[in-house]
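The following exercises are to be worked with the sequence and the structure at hand. Each task is followed by a solution in steps.

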Amino acid sequence: MPIDPLEPHPLVRLLDKPASDFTAADLVRAVEELDLRQVNLRYVGGDGRLKTIAFPVESRERVLEILVRGERVDGSSVFEGTATDASDVYIVPRHRTAFLNPFGERTSLDVLCSFYDEDGAPLPYAAEQILRRAAEVLTAETGCALEAFGELEYYLVGEIDPFFPVEEERGYQESMPFSKGQRVREQVLGHLAAMGVRMKYAHGEVGNILEDERQLVQHEIEFWPVPVEQAADALVLAKWVVREVAHAQGLEATFAPSVSGEGAGSGLHVHSRLVRDGASAIVDADGIDDTGRRLVAGYLTAARALTAFGNTVSTSYLRFSDGDESPEGICWGETDRTGLVRVPLAWVGDVLPAMVAHANPGSTETIPEPDVHPQTIELRLADGSADVHLLLAGMAVAARAGLADPDSLEVAERLNTADHDDFEQLPTSCAESADALEAARDRFEADGVFPASLVDAVLERLRSDEDRALVKKVRKDPDARAELVRRHWHVG
């Protein structure tokens, strides 16, 4: 199949094959033809950040060795709770993830890696391996693959523009010069596309905040539905790229769930769908079908426990109570932005032809049809503090439970916002989130998806701040709130 002439990935164009077909030999060829002098192995640490090991290019044989064999790293410095006397682990490159890194002193070839233990088995407590296992178990039991994408919100922080000052809470899809940071956003889009990350679009978000000496301007990137393992990689790469570009422009980027005593915080809404035999399994001609409702029920039933992976700092729980569109109640609705789960518009039925004809009178062009129906189910729970691999793994576990539970359709009907507005609430602190995960841990540990030791580590971290009383206190104390916000300013 020929490569699309608009393909943005330079390695795909150079090698004349899709990234999924990349081999180590292909990447060595790219190093030679592009005269690259450095190879970086990248992996996601236990803190959710992208780590780097840099290798100078010394010979063709050495580059091939790096790209095939990978390297060993100190797991005790990467993952919490790992004993130092048995901590060596292997990282092995996933060739399909290769991209050109434009941010160093010289362009390098970067490849994302997977973790393995001393016996060569997938490292059970590595987040990307947990996600892979969760996706495999879901597919084996249901025949469905979970696809997902995130809506990544962030703030750019800089000096106040004296000529076109920002208007608070007026940033939604605003354009220059009223929008600030558009050039950063455009550079981020270009870099991510060249790295093989698929996106739908990017735009300014609602959250404009004006303080005495600085302005905070919110932006959002919405990605493309892909298998959950790729969706997690996309979010980790995007955070790194946003920070790199913003820093180069003299701006500070933050994904913090709460950034001020006023204005919207930053969420991380995750859209998902189930795909079976190349077609959507959650929608029919009338909209969401019973499989889709079972998926909704699975998310809602697991919601309190999922906050342990999606809302990992104390300010996450300030966001729940502060934002006009931040969820608190465990409920769902169609296009309803107050619910924890939302079913957005997705061109269901026969609405598109009439709109196209009205917008373009006389047009006879064929309307393109997507390979998979675009209907998704949006989980509005997480924020920028999320461990995205564990969150998506938890969603896969919840999806599996929802599809298997004979009571799921009744749960979905009972928790629909169309009928009433009295619903169970989400946790109000990290400590309460930990309690919810502990109560549901058997569900996540089933079939070896979440190791018990990893769940223990998550519980310990969530409880370490002892924030049950703290979150209540800072709502009434602006100085204490500002200190807490700054403590959790750079998350994920």
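A residue counts as buried when its relative accessible area is under 20%. The model used here is predicted.

**Exercise 1.** Determine whether Phe309 is buried or exposed, and do likewise for Phe444. Then describe how the two rings are arranged.

*Solution.*
Step 1. Phe309 has a relative accessible area of 1%. The cut-off for buried is under 20%, so Phe309 is buried.
Step 2. Phe444 has a relative accessibility of 1% and therefore also counts as buried.
Step 3. Phe309 and Phe444 form an aromatic pair with 5.7 Å from centre to centre and 75° between the planes. Planes over 60 degrees apart count as edge-to-face, and this pair is edge-to-face.
Step 4. Phe309 belongs to helix α7 (residues 290-310) and Phe444 to helix α12 (residues 430-445), so the pair ties together parts that lie 135 residues apart in sequence.

**Exercise 2.** Describe the aromatic pair formed by Phe79 and Phe115, and state which cluster contains these residues.

*Solution.*
Step 1. A search of the whole structure finds 11 aromatic pairs. One of them joins Phe79 and Phe115 edge-to-face, at 4.9 Å centre to centre and 70° between the planes.
Step 2. Phe79 is in the loop between β3 (71-74) and β4 (88-93), whereas Phe115 is in strand β6; they are 36 residues apart, and the pair links distant parts of the chain.
Step 3. Both Phe79 and Phe115 are buried.
Step 4. Ring pairs link Phe79 and Phe115 with Tyr43 and Tyr125 into a cluster.

**Exercise 3.** Identify the buried residues of helix α2 and name elements that cover them.

*Solution.*
Step 1. Helix α2 spans residues 24-33, and its buried residues are Ala24, Asp26, Leu27, Val28, Ala30 and Val31.
Step 2. The cover over these buried residues includes α1 (10-15), β1 (38-44), α3 (60-69) and β6 (108-116).
Step 3. Just after α2, Asp35 takes a positive phi of about 55°.

**Exercise 4.** Characterise the second largest pocket by its volume and its lining.

*Solution.*
Step 1. The second largest pocket holds about 1400 Å³ of space.
Step 2. Its lining has 44 residues, of which Ala19, Gly196, Val197, Arg198 and Gln230 are the closest to the centre.
Step 3. Helix α6 gives the largest share of the lining, seven residues.
Step 4. By type, the lining residues divide into 27 nonpolar, seven polar and 10 charged.

Technical notes
Residues numbered from 1 in each chain as written. Predicted model: local features only at pLDDT ≥ 70, side-chain atom pairs only at ≥ 80, totals over all residues. Heavy atoms only, no water. 1 Å grid on protein atoms, 1.4 Å probe; cavity = no way out; pocket = protein on both sides within 12 Å on 5 of 7 lines; lining within 4 Å. Points joined across faces, edges and corners; volume = space filled by probe spheres on them. Helix = DSSP H or I, 4+ residues; strand = E, 2+ residues; numbered from the N terminus. Nonpolar A, V, L, I, M, F, W, Y, C, P; charged D, E, K, R; others polar. Buried < 20%, exposed > 50% of the residue type's maximum accessible area, 1.4 Å probe, protein only. Contact = heavy atoms within 4.5 Å. Phe/Tyr/Trp six-rings, centres within 6.5 Å; stacked < 30°, edge-to-face > 60°.
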